[in-house]
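Work through the exercises below with the sequence and the 3D structure at hand. Each task is followed by a solution that goes step by step.

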Amino acid sequence: VNGSRVRRAPVSLSLTARLVLGSGLALAGCALALLYTVLKEEIADHRAALSQGLAEEMRFAIPAISGPAVVGDYTVIEQMLKARATQPTVARFGWTDDSGHTVSARGPGVETAAPPWFVRWLDLSSVEQSQPVVVGGEQYGTVLLRLTPALAINKLWHGFLQKLAILVLGAGLSLGMTLLVLRTGLRPLHALAASARRFGQGDHGVRIPLRGPAETAQCIGAFNSMAESIESLLASLRRSEEKSRILAMQVEQSSDAIFSSDLNGVVTSWNRGAVRLYGRRAEEALGAPLRELDLWDCSKATAETTMPCPGRARPASFETCAKTRSGVVEVSVVTTPLVDDHGGHLGELCIVRDISALKRKEAAAEAASHAKSEFLAVMSHEIRTPMNGVIGMTALLLDTELTTEQQVYAETVRRSGEALLAIINDILDFSKIEAGRLELEPAPFPLREAIAEALKTLAPLAHGKGLELAYAIGPDVPDDLIGDTGRLSQVLLNLVGNAIKFTDLGEVAVHVTAETVTPDDVTLRVAVQDTGVGIPADKCQLIFEAFTQADASITRQFGGTGLGLAISRRLVHLMGGRIGVDSHVGLGSTFHFTAQLRRSPQPAPRRLAASSRALRGLRVLAADDNATNRQLLEAMLTAWETTATVVDGGRAALAGLEEARRAGQAFRLVLLDARMPDLDGFAVAERIRQDPALVDATVMLLTSDVKTGDLARCRNLGIAHHLVKPFTPSELLNAVLLALGEDVDATRAMAGPAPPGTTAHPPRLQVLVAEDNAVNQQLISRLLEKLGHGVVVAANGQEAITMYANRPFDLVVMDVQMPVMDGLAATAAIRQREAGHPGRPRLPIIALTAAAMPGDRERCLAAGMDDYLTKPIKLEDLAAMLDGLSGRPRVATGLATPAGAESPGQADFDPTAALAYVGGDRELLGELLTIFVEDAPMRMAEIRQAIARGEAAALRHSAHSLKGALKVLGASAAAGQALRLELLGQEGQVIGADEIAAALDRDLDRLLHSVTAPKDG
Amino acid sequence: MKARITTLALAVSLLLVTGTHSWSQSQPFSFGVIIHRSPTSTAEFWNPIFRHVSERSGVPLRLKTASTGSEHTAMVRRGELHFLYSNHNFINENQASGYRVFARPRGDAGQGQIVVLADSPIRSLADLEGKDVTFPHTAAFLGYHLTMDALLRAGIQVKPLFAGNQEGAMGQLKARRTAAAGVSAEVMQAFARREGFAYRVLWISEKYLNLALSASPAVPEDKVRAVSEAFLRMADDPGGIKVLTASAAVVNQTPLSFVAATDLEFVNMLRFYRTTRVKIEPQ
């Protein structure tokens, strides 16, 4: 009544009733339509049939009546009419002649059985036709025929009743079947409804067996599936609610202040931690603008991601001060934007933690750590300083005249010292790594040179055990890289050193490949493969742990701290790589590591100086039984654009030579491994020497160990050069060029810095050494003197400043830690004084540090120093440093002429170069010199004889041979004379050779004199 | 009484005059036609001709056909037909009706023949004794009346068979289903030529004119003359030729034309019927 009346639900018919009603109506509609259509067609048919019957009857009657009509025989006509009128369709059949005389017959008069409404609906009426009978143009009368539709009406009525009955029966059957099917089909639906009710009442486990028709079964299946989903969803919801509850509880009960704000910066949640921290109750905070609560000091925020002020939509983490109920405390703040599932910004979540206690602990820990670092630095300095003295002085001692016994003792002291230093270095490295204070110092470096140089230091160790030490670097590995070459070498040396240590027979091979190469970076993979004792599988990971070795007995047998691999592992990690080992006991091990290095856009400084252009297209045969060495040789020779053939043995080399000779493409250069199982290098060289067709080939011998008498054999076999493995590419290139008679010096001059001992020594410098330790004072002074420089010693920084003020120096070597005044302060004072005298040149200052802690170098440089040296000081490093500061190429080794000595002439013996050529093997060098002393006069005699006889070829050969020997000894001037003679011989001339030979003879005399002169220490 | 008789006589005279006039003016003269075809075909053939003759002669004519030959004969015998196109009036029994010939169809007189196939072993009528001889039908003057009369006069008894018409009898002969056939000589010649077979004539009759246009003695002479002239002029009148041609097309025969004739030209037929040994059955 008042408008809120509940509208009564419409009468709801059951599905069955709807289906029956709907189907019934549809069927009735269809039936009526069908009936109507059929009846209409039948009516039309009957109407047409009636008309057709009328026409046909007339067509038959007219000719039939014509005859009797002509004759005038009406009896016949009457009989005929009566006979035709017996048909049920005929109503009347009549004949009227011209005179009006009529004869007619009536039909049987069929009664209409249909009800009047049906007859009316049919609209079928009688049909009638009258037609004159004309024969030969004369009309004799008229025939009249009328047909009645009664029969058709009766047929249609009966047909209608039959069809109606069939349709009613069909509809009945159809509805009956529908009811039957529905009753069986609805039964599962009833069950479904009951189950749905139960489900709705909370019985979520209810399921319905699949039965009934497919559609119903599909519904049941869908219900079951839905029930499963809902049940699972509910379970998930419960879990989620539980999780949320726990989370909410955790948030609420967290000791941190956790609160959130909406987009307007209004606080929307405030946990107990916030209540505790800020002393504000939730009722006070909720709904208040975050800014008004003054929760932290925005101005004091410090962090990696600073966002001190609330209300921003970016995550932030910072530390600041907060005004709490207990006063201003240090807090860490983390703010995170709250976003919905679609990324829409909802507000901000803040977590504020009181870190004042933590900060106090951190400060204490920092102080402890600093103290520890200081202690470490002091200890490092205090240990290294005496160690420097022990090792350095022992080295100096070994350079003096000693008895054999003394020599042995001194060597033992040196080795023990170096071993102790290595252990100390390991421990210090490890300590630094553990303290997280080890940092890499990346710098551009040439990879191949670095690897070769590193391995070179271990070559004597390997060769001493009769092991092959080889390395191969993939051609796709870029050479110019940026990395901490010292640390890279440290890892490599550790692994190679271990490999040599644990291998008694076979080889140690290093393979360097590139895992990935991009224009900017490269990931190196270095594998050190040995044929040693191997490691059990269960120890493979253990060995990388600190103070651990595979077997305790190993420590006893091989020594070592067990820190090497642990340090290597951490260094490799620092270089962004990983380290591992594959090993089989008794077969050997492969240690491998990766390192990520940047590529250098500029070529790194390298020793390789000689140009390989002279070798372009040179036909070279190389033979080595070691696959790694073959790889290396092939890579080098290919890089120099030679036409190289690399074979795996002596016999294969001979076969290759023979084949090339037959093909008319003889090898110009032959590189032979000295020790090959089938036919060694000496045997191959001998065959070559015996074969006149191969005599033009230049033969070089590559060996891992030099045995007594080898050099003599080389000489006898005409081997042009003898190179000890491992060698760097530049060493091989230089040796090859030398063997081929190319001018190495000239090419070096073009390409870069000269090798040691081949240039004039640097000028004498006045060096101020500030060092408090007397041993070190003596050592550094001795080294500098060896390098030909003058030395003045100061005991501390103060003395150094005084001396600096009194006299000019070219260089200062300054210890960093000294009593009275340390090196940094002294340097600062010197720089300050320099600043007061603008015209005075800047004095180079080199720091001496223990290099125990990172940042030493920076501190030194920051104090105004130019470079630094790490104790214990090595002569090479000192020399290189001096060269660097004076703008000259660095000197690699230091057996220089003593200070004040006459600078050696070019024709003189250069022991540095000679020693470098023989791989530092003094014994070998001695042997070589003995041979040279015997051989050189003979070659000189041959030269003179060839000139006298005018034999250019002999001149070329002898001069070439002598030139090679002179080059080895570093006598470049004499070698140059020999080269000139060789060139004359090559041109087929001897004119002018006398003068050159005379000069060469003089140089040779002086050389022989210097070589054979007694060693003065 | 006299007056009454006079009145009666006047009335009768008036009636007679009126009746005669009426008959002569409105009642058409009946024209009986021999039944050779169905009444309908007969009407289709003759009605246009009679309409033409009526128009030309001014004498209304109306076809009168009978259902059967005997009925036609009876009509002739009773003299109830004013004009005739028939030969039934020559039959002995009908000659008393007094019909007088005034015209006949143009054409030669016909002959009856008894024929066998050329290769037949029958050489004479005597050889036909006891044999099957096929005739058209019992009313056929040339094919049956004349030929059967000859056989009967020769004392030869044959087994007569009737084929229905002339060519039916000839077809039986050609198919060797009969020993001989009685036929019209003219029709036989045409049939043999068309069918391509040879035959041999055992006997042939003299020539007879067959059908004639005759008038009842009850018809006034002027009417007869007018009608006769109209018939005779048809062949010269374009309208008449058109009618004759159309009628001939209805029955598929050559158009008729008529020539004047008298009873004398049919004497041999009158004589034949008076003397024939064949029993002439009413048609």
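**Exercise 1: a covered strand and its partners**

Strand β1 (residues 90–97) of chain A is mostly covered, since six of its eight residues are buried, where buried means under 20% relative accessible area, exposed over 50% and partly exposed in between, with a 1.4 Å probe and protein chains only. The model is predicted, so that local features need pLDDT of at least 70 and side-chain atom pairs count only at pLDDT 80 or more, while totals for chains, interfaces and linings use all residues. Residues are numbered from 1 along each chain as its sequence is written, chains are lettered from A and ligands numbered from 1 in the order in which they are written, and side-chain values use heavy atoms, with hydrogens and water left out.

Task: find which residues stand opposite A:Arg92 and A:Thr96.

Solution: Strands are DSSP runs (E, at least two residues) and helices likewise (H or I, at least four), numbered from the N terminus, and two strands pair if DSSP finds at least two bridges between them. Take β4 (residues 138–147) of chain A to begin with, which runs antiparallel to β1(A) and is joined to it by seven bridges; here A:Arg92 stands opposite A:Arg146. Then turn to β2 (residues 102–106) of chain A, which pairs with β1(A) in the antiparallel sense over five bridges, and where A:Thr102 is the residue opposite A:Thr96. The hairpin of β1(A) and β2(A) has four residues between the strands, and A:Gly100 takes a positive phi near 95° in it.

**Exercise 2: a sheet and its helices**

Task: in the five-stranded open sheet of chain B, say what the strand order is and which strands are the edges.

Solution: The order is β7-β6-β8-β5-β9, with mixed pairing. The edges are β7 (159–162) and β9 (199–204) of chain B, each of which pairs on one side only. On average, neighbouring strands of this sheet are turned by 30° against each other, direction ignored. Inside the sheet, β5 (residues 112–117) and β8 (residues 180–184) of chain B pair in the antiparallel sense over four bridges, with B:Ile114 opposite B:Gly182. Helix α4 (residues 141–153) of chain B packs on the sheet, touching β5, β6 (132–135), β7, β8 and β9 of chain B, and its direction makes about 130° with that of β8(B). Here contact means heavy atoms within 4.5 Å, and axes are lines fitted to C-alpha atoms, for helices over the stretch in contact, with angles from 0 to 180 degrees between N-to-C directions. Helix α6 (residues 185–195) of chain B lies across β5, β8 and β9 of chain B, at about 110° to β8(B).

**Exercise 3: a salt bridge in each chain**

Task: work out where the partners of A:Asp504 and A:Lys465 lie, and whether B:Arg104 is buried or exposed.

Solution: A salt bridge is a side-chain nitrogen of Lys or Arg within 4 Å of a carboxyl oxygen of Asp or Glu. The closest N and O atoms of A:Asp504 and A:Lys465 are 3.5 Å apart. Because A:Asp504 lies in the loop between α12 (485–501) and β14 (507–517) of chain A, and A:Lys465 in the loop between α11 (447–464) and β12 (468–473) of chain A, the pair ties together parts that are 39 residues apart in sequence. A:Asp504 is exposed at 56% relative accessible area, and A:Lys465 is partly exposed at 31%.

In chain B, the side chains of B:Arg104 and B:Glu265 meet in a salt bridge of 3.0 Å, N to O. B:Arg104 is buried, with a relative accessible area of 14%, whereas B:Glu265 is partly exposed at 30%.
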